[in-house]
Amino acid sequence: KYIFAKAMERKTERYILTATTKKRRYGTKVEPLIFKRAADELKQKKLILLKVGYKPFPNMPTAGVSSDSIVRTEEGEIIASFESKACASWTTLYDRTYEQMDDSSTDFWQTQGQMLAWDVEENYYCVISPPQDINKYLYCENIMDFYEDWCNETEMTIEVVKKSPIH
């Protein structure tokens with residue numbers, strides 16, 4: 001249902017207004033920080049991170065995904081989808097980094113769907129540890145002004161998740 005709702009929002013460009021949690025707002029607010037940080041790290045590996053929008057599944061135009069980004073080579077080949085998560089607590093960090101990524105994992109189906117839509121074998125799954133106080137970032141006027149502070153108090157991990165052949 002969640003994937004359907006998100007796909008319909010992207011497809012129709014009607015984003016249904018509902019109450020959202022403070023943790024989700026924080027994750028959305030720091031997306032530019034995550035993108036910059038991950039792009040800088042991937043650049044060292046001669047990879048380019050590109051922001052993307054809604055992508056329908058092959059042969060199924062009524063459903064699709066919205067990856068945060070895609071990863072491509074300098075030559076232009078798309079090699080992976082990219083999903084990022086900004087944790088607001090140690091428990092969400094644990095769920096996303098210390099548990100085995102399988103079909104019971106929090107973000108398994110999201111990453112698998114992205115790989116299906118983009119026709120790639122990998123997803124770069126980026127997880128950011130929680131800062132001391134999400135309010136510092138949540139209520140600031142210009143999030144990019146806090147890039148250095150945020151990088152200094154959080155850690156980033158990027159796990160390469162493989163496409164599941166049985167799913």
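Reply: One term comes before the rest: contact means heavy atoms within 4.5 Å. This is a predicted model, in which local features need pLDDT of at least 70 and side-chain atom pairs count only at pLDDT 80 or more, while totals for chains, interfaces and linings use all residues. Residues are numbered from 1 along each chain as its sequence is written, and side-chain values use heavy atoms, with hydrogens and water left out.

Me: Leaving aside neighbours within four places in sequence, which residues is A7 in contact with?
Reply: A7 belongs to helix 1; helices (H or I, at least four residues) and strands (E, at least two) are DSSP runs, numbered from the N terminus. With neighbours within four places in sequence left out, the contacts of A7 are Y54, A63 and G64.

Me: Is A7 buried or exposed?
Reply: The cut-offs are under 20% relative accessible area for buried, over 50% for exposed, and partly exposed in between (1.4 Å probe, protein chains only). A7 has 4% relative accessibility, so A7 counts as buried.

Me: How far apart in space are A7 and P56, C-alpha to C-alpha?
Reply: In sequence, 49 residues separate A7 and P56. P56 stands opposite G64 in strand 3, and G64 is one of the contacts of A7. From C-alpha to C-alpha, the distance between A7 and P56 is 8.1 Å.

Me: Which residue in the turn between strand 2 and strand 3 has a positive phi?
Reply: Strand 2 and strand 3 pair in the antiparallel sense over four bridges; two strands pair if DSSP finds at least two bridges between them. They form a hairpin with two residues between them. Most residues other than glycine have a negative phi. In this turn the residue with a positive phi, about 60°, is N59.

Me: What is the relative accessible area of N59?
Reply: N59 sits in the loop between strand 2 and strand 3. N59 is exposed, and its relative accessible area is 84%.

Me: What is the strand order of the open sheet?
Reply: The sheet has five strands with mixed pairing. Strand 1 (47-51) and strand 7 (156-162) each have a single partner strand, so they stand at the edges with one side left without a neighbour in the sheet. Neighbouring strands are turned by 30° against each other on average, direction ignored; axes are lines fitted to C-alpha atoms, for helices over the stretch in contact, and angles run from 0 to 180 degrees between N-to-C directions. The order is 1-4-5-6-7.

Me: How many residues of strand 4 are buried?
Reply: Five bridges join strand 4 to strand 1, antiparallel, and four bridges join strand 4 to strand 5, also in the antiparallel sense. Strand 4 is largely enclosed by the rest of the structure, because the buried residues number four of the five.

Me: Which residue in strand 5 stands opposite S69?
Reply: S69 is found in strand 4 and is buried, with a relative accessible area of 1%. Contacts of S69 beyond four places in sequence include F35, L49 and S81. The residue standing opposite S69 in strand 5 is F82.

Me: At about what angle to strand 6 does helix 4 run?
Reply: Helix 4 (residues 90-97) lies across strand 5, strand 6 (122-128) and strand 7. Y94 is in helix 4 and is partly exposed, with a relative accessible area of 43%. The angle of helix 4 to strand 6 is about 160°.

Me: Which element gives the most residues to the lining of the largest pocket?
Reply: On a 1 Å grid over the protein atoms alone, a cavity is a set of points where a 1.4 Å probe fits but cannot get out, and a pocket is an open set with protein on both sides within 12 Å along at least five of seven lines; lining residues have an atom within 4 Å of a point. The largest pocket is lined by 48 residues, and those nearest its centre are Y2, K6, R24, T28 and K85. With six residues, the element giving the most is helix 1.
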